[in-house]
Amino acid sequence: MTGTVYVRGARLPQPDGTLSEPLDLHVVRGRVATITRAGTRDDDGPGPRTLDADGRVALPGFVDAHTHAEAAVFEPDVQLAMLRQGITTVVTGQDGVSFAPSDPATYAWASTYFAAIDGDHPVFAGGSVGDLLTTYHRTVPVNVAYLAPHGTIRYRVLGAAQRPASDDEIAAMVRLLEQALDDGACGLSTGLEYVPAAYADERELIALAQVVAARGLPHVSHMRGYEDKGVAGLDELLRIARASGAATHVSHLHGPARDLLDHIGAARAAGHDLTYDSYPYLRGCSILSMVSLPTWLPVADAAATVAALRDPALAGRLNEHFAGLTDLWPRITFASVPGMEWAEGRTLPDVAARLGRSAPDTVVEILTTTELRASCVFAQPPTNSPESVRTLAGYEGHLAGSDAIYWGGRPHPRGWGAFARFLDEHVRRGSWSWWDAAEHLSARAARRFGLAGRGRLAPGAVADLVLVDPGRVQDEATYELPRTPAIGVDDVLVAGVPVLAGGSLTGATPGHGLRPAAGE
């Protein structure tokens, strides 16, 4: 699986923004051995495989800095979706909730709470981060890195408790996090709008951030708020960073770009190691319970929440909450509704009309029927404008992250098109050079998460390599047909092994569960 490959006639991005003359890349045992001018090397050798680039642009394999693929990566259609965009590594364990480290009760909670986001892992049923990473060793065509999820760790210590942690409980969480990092986690993720992390105070978060700071790894956070709450959310993360010394990475940043970037720029100028990822769409996607329910409900416990939603004594309090969401209801389209698949792809007002119910009553019915396993796509408020999305993607602290959720009959198209859309909108339209594209889509994420040997194409680098046709690359996925693969990337190597050839999966599975600085 790690023999010799000659990639002939590729053009590589240069720091000055130009493309090189055609070059040949000689790949041996999974790494780039030499790069020479096209046609100047004798190709005779022990059975080399030749891949003709024909002038296409060679880029380091893209690193999706935020994705919910820890289970979906085993699905061939998802593998094709990733590789047709050039994605060769995904960073999982996002938003503070995922499968490990877990005992049986914690695994059951995490896999139920985030069922519509993370899906069901086909072989992992709980255990350590190391156990989870092992499930990806030569079983999938792409690499999988994993963040230690704070919510999962917190649940293992406190259960669904709706309160700050005690000193002893914080110490127990610190020990679990240290073990997760020893086992190969590439940082800490927090989901501060999700439970149980919503109940964590800064004392708890600082103690955990100090652990990753000591390892030179980042604190990655879904903040407590976005859009008009984005600056306040950033302020909280910066307080944690100042107190802990941790590098900070903001997940799926969106909102008024000028205000956010002024704040981020000032923090970086003051010495804070602060980055963020974004995706090039105006709609988001999440579980319906997070979007629609109040935080006073025990949403980390599906059975308890379903019982509360059916409790007549809580109807008045729920209706008061729902009355403040009238502007949200028209912006919701259902993505995954197990048992009510006919609703997928329909708006909430449409589904409500078909059921003869109000929008709030429809939400309650769907949540109780699916036991909170429903997800939705939703339009962001006007503060998330096309100009804001483009501006955020142009900043030096920006990484690309799809925030892909792959489940349901009508998922968000970002899992099939985000990276191709970045190339189309920013390279083909002139705001990025190809060198910039390699930085935004690969190199910065490799540096941020300690993925040694990746994010560049040079002698000694891991041969995760993507060939891009500059004239063809674009996303094809839409909200109506989200599972449509991108075009313009037809050949991809992972560790020197062809995993996409002529636009089709080869069946090779050289992927690994990556550990920081491992440089597999």
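Visitor: How many bridges join β12 to strand β13?

Guide: Please bear in mind that the model is predicted. Strand β13, residues 274-278, is joined to β12 by 3 bridges, and the two run parallel. Within this pairing, Val 250 stands opposite Tyr 276 of β13.

Visitor: Which strand pairs with β12 over 4 bridges?

Guide: That is strand β11, residues 218-222, and this pairing is also in the parallel sense. Here Val 250 of β12 is the bridge partner of Ser 221.

Visitor: Which helices make β-α-β units with these strands?

Guide: Helix α8, residues 230-244, forms a right-handed β-α-β unit with β11 and β12.

Visitor: Which residues have the most contacts inside the largest nonpolar core?

Guide: In soluble globular proteins, nonpolar side chains tend to be buried together. In this model, the largest nonpolar core has 101 residues, and those with the most contacts inside it are Val 73, Met 82, Val 250, Leu 253 and Leu 423. Apart from that core lies another, of 47 residues, which includes Leu 293, Ile 332, Phe 378 and Ile 405.

Visitor: With which residues is Leu 423 in contact, leaving aside its neighbours within four places in sequence?

Guide: Among them are Phe 62, Arg 428, Trp 434 and Val 473.

Terms used
Residues numbered from 1 in each chain as written. Predicted model: local features only at pLDDT ≥ 70, side-chain atom pairs only at ≥ 80, totals over all residues. Heavy atoms only, no water. Core = buried A, V, L, I, M, F, W, Y, C linked by side-chain atoms within 4.5 Å. Buried < 20%, exposed > 50% of the residue type's maximum accessible area, 1.4 Å probe, protein only. Contact = heavy atoms within 4.5 Å. Pairing = 2+ DSSP bridges. Right-handed = clockwise from strand over helix to strand, strands pointing away.
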